[in-house]
Amino acid sequence: MYNQRSSGRISFLLVRDGSGIAQCVLVEKDVDSDTWSAHQRLTQESSLMVCGKVREDARAPGGYELALTRVEPVQIAEDYPIGPKEHGIDFLLNNRHLWLRSSRQWHVMRIRDEIIFGIREFFRERRFVCLDSPILTRAIGEEAGTLFETEYFELGKASLAQTGQLYVEAGAMAHGKVYCFGPTFRAEKSKTRRHLTEFWMLEPEMAWYDWQDNMALQEELVEFVAQRILDRRRDDLSGLGRDLTALERVERPFPRLSYDEAVELLRGKGSRIEWGEDFGGEDQTLLTAEFDRPLFVHSFPKAAKAFYMKEHPERPEVVLCDDLFAPEGYGEIIGGSQREDDLERLIARIREQGLPEEAYDWYLDLRKYGSVPHSGFGLGLERTVAWLCGLDHLREAIPFPRLMNRITP
RNA sequence: UGGGGAGUAGCUCAACUGGCAGAGCGCCGCGCUGUUAACGCGGUGGUUGCAGGUUCGAAUCCUGCCUCCCCAGCCA
């Protein structure tokens, strides 16, 4: 029972069954005395079985209600902590296991589910193979300083994967087009609305795609997902109060700016960004405010990016990569690149960045045995969910958020 | 990690310059045959984050610690 309202000899029970909430009407003179006294014991979040007749009534939320003939309590809940008034975020996160029952969280999780299955369908239709990467690993895909480490039997240290990218590159050489989709982990000591220590990432990898083919696939995916939830989860979006017209504008083609152009635009708007620096939060907001749909920025300075990104053939200070920024201030949701497919250059990049070469022995094999041009990207699921749902913090975009200072429930 | 803010009833918050710790919601009781976060009346509810200090007197001032929130950096 989600909530109850009464007017003496007539009671209105809001009952949730997983598919939604229905108003049930109970009139004292129309039911037996056992049912009437049983319903009086019901408290918020008590579980129950009801029997009644569906009827149309304009006064019911949604236009229909259930006229009850019988109520059977299953369990009487006591002192349910989450009431119909406001609560603080700390309290709600401590009660996340119960907060998931609240309507706002309920809508978000249904949209998240639709996004996940939409993504899988998108790739299946395009003949990608789902090839999931290991979570326990020794490969270092990003910064070595943000690894969660653990003991691994007699083999020493292992860590939780920061990315599955190196593994999907291996998969792409076997299957052509692959993706992995699962949790990734970053021990970043950051407490912002844009970070979780555990988050889900979709990572497609495609043989024979150059960086432009890569961007074309990214925008096709993002458009597909946005249209998909508008089509199938419109009620949930409305329940969240999401501005639907903003989502309806998510149509290809998305605007594209080179990093050089973006810096020029930002400096014209008063930003003090220097060429070579990555965008700060304020820069991202300034940039995306110029456009009404997601924005690509491509061709970033090499120094600011990961070792595996391919150098621009005419400009060695730049790599063939792109970031996709969501509109409305939601920030980066995708990072992608064409990969360095030349063995010697790749080894040089690993040394330049001071990474442990021995950690990449099997990865370098991919360049020794039939290397081909290939590209891929990573899409942050929670950032995508937060944007599409209009949430102001990632912690509501995942069922049980893991933050620097929060490991329960 | 740096900067800012906060911690008082189960929850959300008040309490002026240091002077009786309060309200709404929840919960309990009564009333009400169409409620929409129902409503009306009555009741219940406190180690003021922790430890110490100043004072006739501390939620309020001082010292130390803890916790949470927001912003920045880093990133998806």
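Welcome to this predicted model. Helix 11 (residues 343-352) packs against helix 12 (residues 361-368) at an angle of about 155°, and their axes lie 9 Å apart.

**Helix 11 and helix 12**

- An angle over 145 degrees counts as roughly antiparallel, so helix 11 and helix 12 are roughly antiparallel to each other.
- Helix 11 brings Leu343, Leu346 and Ile347 to the contact, while helix 12 brings Leu364, Arg367 and Lys368.
- By class, the residues where helix 11 meets helix 12 are four nonpolar, two charged and no polar.

**Helix 4 and helix 13**

- Helix 4 (residues 103-125) and helix 13 (residues 381-389) cross at roughly 125°, with axes that come within 10 Å.
- That angle makes helix 4 and helix 13 oblique to each other, and their crossing is right-handed.
- On the helix 4 side, the contact is made by Val108, Ile111, Arg112 and Ile115; on the helix 13 side, by Thr384, Val385, Leu388 and Cys389.
- Six nonpolar residues, one polar and one charged make up the contact of helix 4 with helix 13.

**Leucine 42**

- You will find leucine 42 in the loop that runs between helix 1 (33-41) and strand 4 (47-56).
- Leucine 42 counts as buried because it has 20 C-beta neighbours inside 10 Å.
- Leaving aside residues up to four places away in sequence, leucine 42 touches Met1, Gln4, Leu48, Pro73 and Ile76.
- From leucine 42 to threonine 163 is 48 Å in space, C-alpha to C-alpha, and 121 residues in sequence.

Definitions and conventions. Residues are numbered from 1 along each chain as its sequence is written. Chains are lettered from A and ligands numbered from 1 in the order in which they are written. This is a predicted model: local features need pLDDT of at least 70, side-chain atom pairs count only at pLDDT 80 or more; totals for chains, interfaces and linings use all residues. Helices (H or I, at least four residues) and strands (E, at least two) are DSSP runs, numbered from the N terminus. A residue is buried if 20 or more other C-beta atoms lie within 10 Å of its own, exposed if 12 or fewer, and partly exposed in between; C-beta atoms are placed from the backbone. Two residues are in contact if their C-beta atoms, placed from the backbone, lie within 7 Å. Axes are lines fitted to C-alpha atoms, for helices over the stretch in contact, and angles run from 0 to 180 degrees between N-to-C directions. Angles under 35 degrees count as roughly parallel, over 145 as roughly antiparallel, 65 to 115 as roughly perpendicular and the rest as oblique. Ala, Val, Leu, Ile, Met, Phe, Trp, Tyr, Cys and Pro count as nonpolar, Asp, Glu, Lys and Arg as charged, and the others, Gly among them, as polar. A crossing is left-handed if the near helix is turned anticlockwise from the far one by less than a right angle, and right-handed if clockwise.
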